[in-house]
Amino acid sequence: MESMHEVLRSELEKLGLSEVKEVHYNLDRADLITKAIQDGEGKFTDSGALVVNTSPYTGRSPNDKYLIDNGDPDLWYASGTESLSREQFSNLQTKLIKKMNTQRLYVRDVFVGADPEHTARVRVITDLAWQNLAASNMFIESKSREPHIDPDFTILVSSQFSADPQTDGLRSSAMVVLNFDAKKILVGKTLYGGEIKKSVFTFMNYLLPKKGILPLHCSANKGQDGSVALFFGLSGTGKTTLSSDPERALIGDDEHGWSDNGMFNFEGGCYAKTIRINPKYEPLVWSAINRFGCLIENVPLDEHHHPDFDSSSITENTRASYPLEFIANYEPSGMGGHPNHIFFLTADAFGVMPPLAKLNNAQAMYYFLSGYTSKLAGTERGLGDKPKATFSTCFGDPFLPLKPTVYAKLLSEKLTEHGTQVWLLNTGWSGGGFGVGKRIALPLTRAMISAVLSGALDRVETHTHPIFRVEIPNEVSGVPQEVLNPELSWSDQIAYQEEAAQLARKFAENFKKYVDSVSQEVVEAGPRIQ
């Protein structure tokens, strides 16, 4: 019987990594952190967390993402994503492997997908110890020391590899390249940990729908009665914060699958935004990020090694990755039943969307495909300092490798089958747009969620918003009417109507691309155009 080292060597040889002089396999967190400190990759905070600086790549680089065209008629190139040929991929892979053969490598075999029936075996190979720590924190660790044999896909990451844009046909020297047929992901130059995490999500978004499983960009938790709630939304809209509830068990904070068995987390950890984190309102996350084993990206330290979570001097997109076990009330199985409630989170920068509204199934399809929110500064390079209103298909446009209607159809079927109620939840501005109004207070948002999950709104009457045509509860305990009804928070009612009508027209313009692929009922479920 071959030894573990012989099996690993054989697996690396299949990739062309036969000349590597130093390989570290599945090191535990303490050893990875020790290596990172010894090699100057990062520093300790005063609470024992590891801090690294990923500059200049402090967010995802959507314009450096590529898919290899495999002829799949459902293949879809999300905004910024481009196609590469198999020949281009082969050339890039050869160059990347050549570079990695000269480097010390950290190899990690993990699982993605908590449901044993739908898990994927993944190999992550990095040239930095802290990036391997990120994989250890974010994915599901193998309980066996035995290497995967022919994993379902492999991620090759070299922070020192720079592509030649002119020769390789790329837009810059950085790259994130996904080849579904070859079962490989190539990552070069960028250090940002989110590229590893999100490339895995993209790969799962390709594999699972073909099995009738719906992959979702959402967080999930469950109550003591087993009821499951999902929170959809882009970075910064509140997925991690709102799902981290002391009264409910956390299933996961960002990526899930919905199968015939119910919900299951893709990951084994959380990747939380830390900018201006408040321990009073986010005690679970605060506790998780201030301890040994947590990895913090791009947070400056003072002379006493105390992290300044209020500082955006490096980036607004400061992050922390930590294993789910750092959350006191996490769900060890990573699984839950079929969701009872779904919340579509939007950070409305115009201050016109209601903070809470009930959607029927047609409206759920409309708002799911629209994916309206505001991109928050720092989540992508070059975004600037202010939020920008955007429509991100299925609340995850950058990570969808298949046509959006593939995911929407699966969602519609599951909502109908399981009677799941969908809500629109605005975590953005009230009393005016960004720069005029104020962000809706987190305690008010939590009060609305609690009212939904407790059943307190089951018999509360609603009224229809005149423009967005969604059903707004007439009352929610602890939430002022001027917050619940956004027009009441504006001093200028005419200005509110004009701003809301302008946003409605943006919805309609964006939805034109789906008109021919959805039912007329869904088309008519959108805002009323004046």
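**Exercise 1. Determine how strand β9 is paired and how far strand β9 is enclosed.**

Step 1. Strand β7 (residues 120-126) and β9 run parallel and are joined by 4 bridges, where two strands count as paired if DSSP finds at least two bridges between them, and where strands (E, at least two residues) and helices (H or I, at least four residues) are DSSP runs numbered from the N terminus. Within β9, T154 is the residue that stands opposite R123.

The model is predicted, so local features need pLDDT of at least 70 and side-chain atom pairs count only at pLDDT 80 or more, whereas totals for chains, interfaces and linings use all residues. Residues are numbered from 1 along each chain as its sequence is written, and side-chain values use heavy atoms, with hydrogens and water left out.

Step 2. β9 is also joined to strand β11 (residues 184-188), again in the parallel sense, by 5 bridges, and S158 stands opposite G188 in β11.

Step 3. Strand β9 (residues 153-158) is largely enclosed by the rest of the structure, because 6 of its 6 residues are buried, buried meaning under 20% relative accessible area with a 1.4 Å probe and protein chains only. F153, I155 and V157 point one way from β9, while T154, L156 and S158 point the other way.

**Exercise 2. Trace the open sheet of 5 strands and examine β19 within it.**

Step 1. The strand order is β2-β3-β18-β19-β17, and the pairing is mixed. The edge strands, each of which pairs on one side only, are β2 (43-44) and β17 (269-273).

Step 2. Strand β18 (residues 295-297) runs antiparallel to strand β19 (residues 319-323) over 3 bridges, with I296 opposite A320. β17 and β19 are likewise antiparallel, paired over 5 bridges, and Y271 has S321 as its bridge partner.

Step 3. In β19, 5 of its 5 residues are buried, with R319, S321 and P323 on one side and A320 and Y322 on the other.

**Exercise 3. Characterise the second largest pocket by its volume and its lining.**

Step 1. The second largest pocket holds about 510 Å³ of space, a volume being the space filled by probe spheres set on grid points that are joined across faces, edges and corners. On a 1 Å grid over the protein atoms alone, a pocket is an open set of points where a 1.4 Å probe fits, with protein on both sides within 12 Å along at least five of seven lines, and lining residues have an atom within 4 Å of a point.

Step 2. The lining comprises 25 residues, and I140, E141, K143, G268 and P332 lie nearest the centre of the pocket. α4 (129-138) and β8 (140-141) each supply at least two residues of this lining.

How values were computed: Buried < 20%, exposed > 50% of the residue type's maximum accessible area, 1.4 Å probe, protein only.
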